[in-house]
Amino acid sequence: MLAPVPRPPGSLAVRCSRALLSPRSRLSMLALLLLSAAALVVLYEPQRLLASGWPPQTSGAGAVLLFGLAYGVCTAAFVPRPVLNLAAGALFGSAAGLTAALAGTVLGAGIAFTLGRLLGQDALRPMVRGRWLTAADGQLSRHGFRSMLAIRLFPGVPFAAANYCAAVSRMGYVPFLVATGLGSVPNTAAYVVAGAQAGEPGSPAFLFSAGFIVLSGVAAAVVAWRKRHGLRAPAPVTAPEPESELEPETAVGAAR
């Protein structure tokens, strides 16, 4: 009886698996996931929480935990964080709302970072070219914690965009998540307090939080404008140092 012939190493199954796991296929999978998430956001409209409130059958710590989980998934699907922060304050008050919002912020950042690192980094890193992209990649890769902390403190860069850009760089998980948690506290707290005090727009807490939101937005615009002009400035050209070689006559004299 003839023994079964083993499959050659380049069989159809191996080629298909390599094609499915290739960087381009994984990038296509990431794009499909993000498009599906965006479609679900448009369909279900999570911003309706501001008007309709939280479902009455959930309350207490379980509601805060559930809101934090939903917050993380929504931010990974490009739902604007200010809307979710206002909803957290309006639904749970300042303290519990801030806890749920910060937990959801870190969770959503971790989800986006993981998706971008596993599915998009290998395909997108070869495309990092040009002055702006190279400078941003170098800053995030070499000074990950400091750069991400500054991005979170000055809300000029969209949250989801910063997550996926950091995933393409060589930044580590721990600096990214710690900087996200710490840097998101001031702006998140301002929106949560504004949502909690929305019924009393003349209260000092509401006025202070609204003023902080405006000032942080102006500061972010100023920093972005200055960085943009810094990147546009031409890089200094350094002249090559003259080679210290002996003239032929000097060399002959030295040889004598």
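Trainee: Buried means under 20% relative accessible area, exposed over 50%, partly exposed in between (1.4 Å probe, protein chains only). Tyrosine 164: buried or exposed?
Mentor: Tyrosine 164 is buried, at 12% relative accessibility. This is a predicted model, where local features need pLDDT of at least 70 and side-chain atom pairs 80 or more, while totals for chains, interfaces and linings use all residues. Numbering starts from 1 along each chain as its sequence is written, and side-chain values use heavy atoms, without hydrogens or water.
Trainee: What ring does tyrosine 164 pair with?
Mentor: Phenylalanine 78. The pair is tilted, 6.0 Å centre to centre with 35 degrees between the planes. Ring centres must lie within 6.5 Å; planes under 30 degrees apart are stacked, over 60 edge-to-face, the rest tilted.
Trainee: Which parts does that pair tie together?
Mentor: Phenylalanine 78 is in the loop between α4 and α5, and tyrosine 164 is in helix α8, so the pair links parts 86 residues apart in sequence. Helices are DSSP runs (H or I, at least four residues), numbered from the N terminus.
Trainee: How many residues of α8 are buried?
Mentor: Eight of the 10 in residues 159–168. Among them are Phe159, Asn163, Tyr164 and Val168.
Trainee: New topic. How many aromatic pairs in the whole structure?
Mentor: Five. One of them joins phenylalanine 67 and phenylalanine 92, edge-to-face, at 5.4 Å and 70 degrees. Phenylalanine 67 sits in α4 (residues 60–76) and phenylalanine 92 in α5 (residues 81–124), so parts 25 residues apart in sequence are tied together.
Trainee: What is the relative accessible area of phenylalanine 67?
Mentor: 2%, so phenylalanine 67 is buried. Phe67, Tyr71 and Phe92 form one aromatic cluster.

How values were computed
Helix = DSSP H or I, 4+ residues; strand = E, 2+ residues; numbered from the N terminus.
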